[in-house]
Amino acid sequence: MEAAATDRDLQYLRHAIALSAAAKARGKHPFAALIVDARDEVLTEAGNAFGWPDGDATGHAELLAVREASRRFPPERLAQATLYSSAEPCAMCAGAVYWAGLGRVVYALSEARLLTLTGDHPANPTLALPCREVFARGQRVIVVVGPLLEAEAAAPRLGFWG
């Protein structure tokens, strides 16, 4: 399901992009996400924790944010919440959004645009499965807005993969 972006969406998306730059500064892949409820309260935020030796292969920012939110908040609150992500959620992260019951996703950089930045770098093999396709296979309706602010979202990623 599609919807238009609001000024609030752009504000939180820019925050996710700033968090992705902070992840890069820590030596992690430049991805980040936050979850905001209907009352404008930030429930969780996370930078990417992917990578050996101090992270794991599933340490994507979206998954970390969803995991924390689903531990701390009831399903009815998450159903009214939005995941803001610096990049389109991959299939794994989209699955986490679906199972946690989040009602909405707003993302900056598309998977297709990410591929142009990473190329065939082995540290970030993209998976060409848009989150909309993952959500379309489920029984819950998840509103998706994006891509948005792709040039801004690309900036922290420039030069990261070579």
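**Exercise 1. Cysteines**

How far is the sulfur of C131 from the closest cysteine sulfur, and in which residue does that sulfur lie?

Solution. The structure is a predicted model, in which local features need pLDDT of at least 70 and side-chain atom pairs count only at pLDDT 80 or more, while totals for chains, interfaces and linings use all residues. Residues are numbered from 1 along each chain as its sequence is written, and side-chain values use heavy atoms, with hydrogens and water left out.

Step 1. The closest cysteine sulfur to that of C131 is in C90, 9.8 Å away, which is too far for a bond. A disulfide is a pair of cysteine sulfur atoms within 2.5 Å.

Step 2. For C93 the closest cysteine sulfur is also in C90; at 3.7 Å, this too is too far for a bond.

Step 3. The structure holds 0 disulfides.

Step 4. C93 has a relative accessible area of 0%, so C93 is buried. C131 is buried too, at 0% relative accessibility. Buried means under 20% relative accessible area, exposed over 50%, and partly exposed in between, with a 1.4 Å probe and protein chains only.

**Exercise 2. Helix α2**

Check the length of helix α2 (residues 61-72), then find which of its residues are buried and what covers them.

Solution. Step 1. Helices (H or I, at least four residues) and strands (E, at least two) are DSSP runs, numbered from the N terminus.

Step 1. The expected span is 1.5 Å times one less than the number of residues. With 12 residues, α2 should span 16 Å; the end C-alpha atoms are 17 Å apart, which agrees.

Step 2. A61, E62, L63, A65, V66 and A69 are the buried residues of α2.

Step 3. Their cover includes β1 (32-36), β2 (42-47), α3 (75-78), β3 (82-87) and α4 (91-100).

**Exercise 3. Aromatic rings**

How many aromatic pairs does the structure hold? Classify each by its geometry.

Solution. Step 1. Rings of Phe, Tyr and Trp (its six-membered ring) pair if their centres lie within 6.5 Å; planes under 30 degrees apart count as stacked, over 60 as edge-to-face and the rest as tilted. There are 2 aromatic pairs.

Step 1. The ring centres of Y12 and Y84 are 5.3 Å apart and the planes are at 35 degrees, so this pair is tilted. Y12 lies in helix α1 (residues 7-25) and Y84 in strand β3, 72 residues apart. Both Y12 and Y84 are buried.

Step 2. Y98 and W99 form an edge-to-face pair, 5.1 Å centre to centre with 80 degrees between the planes. Y98 is buried at 12% relative accessible area, whereas W99 is exposed at 68%.

Note on methods. Contact means heavy atoms within 4.5 Å.
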